[in-house]
Each structure stands twice: as structure tokens, then as C-alpha cells.
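Hi,

Here is the structure I said I would pass on.

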Amino acid sequence: MKEIRLNTPLDENMVRDLVIGDVVYLSGEIFTARDEAHIHALEFLKEGKNLPVNLRDAAVFHCGPIMQKKNNSWHLIAAGPTTSSRMNLLEPEFIEKFGVRAIIGKGGMSKPTLDALSKFGCVYLAITGGAALLSAKGIKNVKGVHWLDLGMPEALWILEGENFGPLIVAMDSNNSSLYDKVDSDTKANMSKIRKELGLD
Amino acid sequence: MISENTIKEVTKNLLKDAVTVLPQDIKNGLAKAYEEEEQTIAKMQLSNILENIQLAEKSKLPMCQDTGIQIFYITFGKGINMKVEDAIREGVKEATNQIPLRPNAVHPITRENPGDNTGLKMPYMNYRFSDEEYMEITVMPKGAGSENMSALSMLTPSSGLKGIKEFVLNTITKAGGKPCPPTILGMGIGGSADISMKMAKEALLRPIDVHHSDPQIAELEIELYGAINSLGIGPMGLGGKTTVLGVNIEYAFCHTASLPVAINLQCWAARRATARIYRDGKVEYITHPKEGGQ
């Protein structure tokens, strides 16, 4: 298990070198985007409008943070991941069209996203779900926000990461997925479990 | 004599307790899981969780950014009858601002977010009655990651216990790492469609170190706990021994022609807090006792 420190914007070759099980810490800008921000960004693209941020070589975090406004500036309170699979239908196009290099979330994503990772040179990084104060420790400050009209959780927040992690490489650009591995282990364990439960 | 202001203050205190300090049974369960895990990634996930729990207790900030929607269980004691909804709503609004909580409550179709965790029928109130000398208020902030993995099956009676077990295995494997395992499996068996779902959530109010008083149900809880943790899904679905911290089942008699079974999953951040308010306005915090008395 290698430990790797990376900076955003990310280098494609360094991203392609990552393999499942590696541990990554990220520094630099990190953009939050959940369901609504994904939809909104893809609509912008369709309408030929420019996004308010540049997502090329960027790290996108599936996260709806708790923010608090003090003295006219935003402060991060808590920022753990949301369930990535909700973005399954949007992510492949999002990666392809915007050139995103890293997706940070929890629970994993479906096959079309795994395919997009290898095709376009991107990686899926798992961060511990619910550990929102631990992950907030890796965020130095809040650089800005767009689309706040979507509500605090769904807005696109620009965070400044400093050794943000630990992040586990859970789906890499070589078509490997930790979730697939766990899935096949589960299937292998199933026959014994079914027998013990009196199902077979 | 219980004032509306007492209800509001208790609501705020309960919310703060719930989102910052986990009940002892859950903390014990997570610590035990950390000891038992052997795989590096699984152990790392649990150590992150344990560290995060300490951070929340020290900073008095929410352990998870998803502070949920607010589900309340209000049990009125003997002869205690008062309107509590307005005070609880007010408490939720103020707590959202002060703790702070993430404003999660939105209109289901327009997705409009009022920003204070209130809206039509939200926070949600469950009213119950008892013969006790106090009113009891429990809050369960329920996050969406685990809630979205809920499932209901209207089994045929002939599928029986086997059908129930199949349904559990299917639901847990389908959920994988999405509900933030290690989770607690809340299950309702019997009743009707809505009753089984309601029981599945209420089962999560019971500490994980307490089994159902019916030995047959307690046995099923133990059997399912062992089976699920042999699957290998593990913390965050990244592999390991701990997929559930507990299995809690409630049941009710049902129609002879039906067998409803419902599952409500709870993420490891199993937040709940309970207080009792006596007739004279005295407040006793049950899950999170206050130092130096109440």
C-alpha cells in the first residue's frame, strides 16, 4: 500500500499510475459537486455557456458541506462524502466533457464510470463516510462558492485542500475496482452463508 | 407544568447531543469492530471513524455533515397532554442556525430549500402514549445515505422465515458500501406495509447491545448479525469483517394472507438522544446525562 501526495491541478500520468489500495493525500483546489451541480454543469455545456470554474485536471468531491458565514466569509464546519452512486448516470459525461482527473466520494460507482476512468485518465478516491470533521481538517479554507441558489448542500464550493485525506484509490484507470473485488468475495462467501441460514 | 420554552430548549439540547456525541452502545460497537478487523483498509476506515467521533465530542460540532432530517418520537405520560409541535419546530430552526446543522429539508418536487430544516410535516412527529409520570422526547437525525437503502417486501406467507432471510441478504448486498457501513439493520416484520416500515425505524431506537425480549426474535437477530458479517462487505464497503454493528428486529401480528418485511438501515453515525420532562418541568437527559445533575 503506497502513500502518495498529489497536488491539483492533477497530472494525467500521475493519476494513471495510481492503483487500487494506494493511499492519497491531496493539496490544492477541490470542487464540491453533488446531483444538482452535476446536472447544472451539464446543462451549461448543452447551452454553450462557460462554467464559473475550470474543471480540467480538477478533483471533484461528492460532498454537501456544512458551512457557516462569519464576518462575511464562509467557514467550513463539516465535509464528509455523499453517496457517489447517485451521480452514476451523470459522471461518465462529466469526466469526458470537463476533463476531471479525480472523483472523491463514498460507496463506489457503476461500470460506465469505471470505463470513463480508464478512457479519459481519471481516478475514484474513497474517503471515510461520516468522518466529516476528520476530512474538514484537510481543508485549509473556503475559496468561494457558485450556484448557492441550489442550497448549501448542492452548491459548488471551492475548497483549498492541504493533505486532504487519507483517500483510498478504490477505482483506478486500469479498470480495477476495490468494490468489484469485494463484490466477488461476497459472492464467494454466499454459498456457505446460505447453507448456514438454511436457505439451500 | 411544562412550558413551550422548556420543550424548545430540550429540542435544541437533544439535537446538539445527538449530532456531536454517539450513544455509548454505538461507541462500544465501533471500538470492538476496530479491535477485530484485520485488513489494513478496513482498520483504517474504523480508526478514521473513531478519531472523528473524538473530534466531534471535543469541538461540539456535528460528526457528519449530513445531519439528517429530524424524526421525533414523543411519548406522552399519564395525563400529560399538550401541543409540542410548534415548540419543537422552533427548536429545530434555532438549532440549525446555532449548532449548526445542514439545512436538508427540501420540497420533494421543486427541491426548494427553506434553509432551516422545516417544511410541510418536517420535522416529523411520531406520537405515542405511556403510563409514566413524564413526557419523553427522542430525536433521531436520519441521514439520507443509509435511509436511501431502505426496502420493503410484501412476502407471501409461504415464503416464511427463509423469505425473510433472503430479503435481508439481498438488501444488504445491494446496499454494499453506500449506506456507510458498519450499519445497524433495523427490521420490521409483520403488521402492514406502513407498520413494518415504522417498526423498522423504531427498532433503531433500541441500543445494539439489547436483544428483543422474544427469544425467537433475539435468536434471529444473532443469526442474521453473524451471517451479514461473514459477507465481507466491511467498513465503507471496502472489504472486512464488520458490515453491521447490530441487527434490531421488531414484529407485529399481521393479516393471515400477508407477510410484510421492512428494512431501515442506519449508518455508523447512529445518532439519537432522549430526554424526559416531568410534570414540574424538571428535565432528565437519558442518553446524554448532564454532569452535576440535570
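How many bridges join β2(A) to strand β9 (residues 156-171) of chain A, and do the two run parallel or antiparallel? There are 7 bridges, and the strands run antiparallel. In that pairing, A:Gly28 has A:Gly161 of β9(A) as its bridge partner.

Before the rest, some housekeeping. This is a predicted model, in which local features need pLDDT of at least 70 and side-chain atom pairs count only at pLDDT 80 or more, while totals for chains, interfaces and linings use all residues. Residues are numbered from 1 along each chain as its sequence is written, and chains are lettered from A and ligands numbered from 1 in the order in which they are written. Helices (H or I, at least four residues) and strands (E, at least two) are DSSP runs, numbered from the N terminus, and two strands pair if DSSP finds at least two bridges between them.

Back to chain A. Strand β2 (residues 23-32) also runs parallel to strand β1 (residues 3-7), with 5 bridges joining them. A:Ile4 sits opposite A:Val24 of β2(A). Getting from β1(A) to β2(A), the chain passes through helix α1 (residues 12-17), a right-handed β-α-β crossover (clockwise from the first strand over the helix to the second, with the strands pointing away from the viewer). β2(A) pairs with strand β3 (residues 59-61) of chain A too, in the parallel sense over 3 bridges, and there A:Phe31 is opposite A:Val60.

Now chain B. Helix α2 (residues 24-36) has 13 residues and should span 18 Å at 1.5 Å a residue, which agrees with the 18 Å between its end C-alpha atoms (the expected span is 1.5 Å times one less than the number of residues). Its buried residues are B:Ile26, B:Gly29, B:Leu30 and B:Ala33. Seen down the helix axis, the buried residues of α2(B) fall within an arc of 95 degrees, so they line one face (the arc is that of the directions from the axis to the C-beta atoms). The face turned away from the buried side carries exposed B:Gln24 and B:Glu35. Buried means 20 or more other C-beta atoms within 10 Å of a residue's own, exposed means 12 or fewer, and partly exposed is in between, with C-beta atoms placed from the backbone. The cover over the buried residues includes α3 (40-59) and β6 (244-252) of chain B, with contact meaning C-beta atoms, placed from the backbone, within 7 Å.

Cheers

Methods
Two residues are in contact if their C-beta atoms, placed from the backbone, lie within 7 Å.
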